[in-house]
Amino acid sequence: QKMPKKGGKGGKKGKGKGEGEEGVELTPEEREARAKLRIEALERELVQRQDVVNRALQAHNDMRQKQSELLKDFDDEKQTTFAITADMTRQYKSMQEELMRRINTLEMTISEQQDQLLLAREANEELHKQKDQELALKDAMIADLRQKMDDMSHEFGEMLKETLDKMSEKIEATSNEWEQDAGANVEKKLEQLHMGAPAT
């Protein structure tokens, strides 16, 4: 009869999520690699545990077959006393109880290993999810920066165009004013020349 399943063994608290030796923060790639190695190790150990259980069951079946053969021989030959039969039965029951105890212990260990494997897989999936979220956030930030750069470029272009237009207007006004002043000075000099010339 199987013993009730026990809870996980107690122990020292593990390192924080994503921390390696001496509390150094691991990268998502390092955490993912460590989780994969842990899963592979647990899977190998699970196979080994299952093999031990299979061998124990085979030994149990062999023992039952051996007992059946012995009992048949004793019955056929009628040379075995009740005391010997009882002693063999007690030995068989003791061995059977020991085998069942070992089988129950191994089954509990396998169950614990399966729980750890499930937790490791869930942690690995969470790591993938977190990594995808980080990549999506970075993509959004890049898109936002590009949009801001485009807006600033457009705004700068508008400011530059407005400045150039104002400068063109000032240059044109200055040029017209200079032409007017230059024409007036020429006429004035001509008048001065005419006034200073001798009469004929």
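In which helix is the place of His60? In this predicted model, His60 belongs to helix α1, which covers residues 28–77.

**Overall architecture and confidence**

The secondary structure of the protein chain consists of two helices and zero strands. Among contacts with a separation of 6 or more, 78% join residues 24 or more positions apart. Of the 200 residues in the chain, 14% count as buried. The mean pLDDT is 79, with 76% of the residues at 70 or more. Residues 1–20 have pLDDT below 50, and this stretch has 28 contacts in the model beyond near neighbours in sequence.

| Residue | Relative accessible area | Class |
|---|---|---|
| His60 | 12% | buried |
| Leu160 | 43% | partly exposed |

His60 counts as buried because its relative accessible area of 12% falls under the 20% cut-off. Leaving aside residues up to four places away in sequence, His60 touches Tyr92, Gln96 and Leu99. With Gln96, the contact is also polar: the two side chains meet at 3.4 Å.

Together with Phe156, Leu164, Met167 and Ile171, Leu160 makes a nonpolar surface patch of about 520 Å².

Key: Residues numbered from 1 in each chain as written. Predicted model: local features only at pLDDT ≥ 70, side-chain atom pairs only at ≥ 80, totals over all residues. Heavy atoms only, no water. pLDDT = per-residue confidence, 0-100. Contact = heavy atoms within 4.5 Å. Patch = residues over 30% accessible without salt bridge, like charges linked within 9 Å, V, L, I, M, F, W, Y side chains within 5 Å. Areas by Shrake-Rupley, 256 points an atom, 1.4 Å probe, with all protein chains shown as cover. Salt bridge = Lys/Arg side-chain N within 4 Å of Asp/Glu carboxyl O. Buried < 20%, exposed > 50% of the residue type's maximum accessible area, 1.4 Å probe, protein only. Helix = DSSP H or I, 4+ residues; strand = E, 2+ residues; numbered from the N terminus. Polar contact = N/O pair within 3.5 Å; in protein donor to acceptor, adjacent residues only side chain to side chain.
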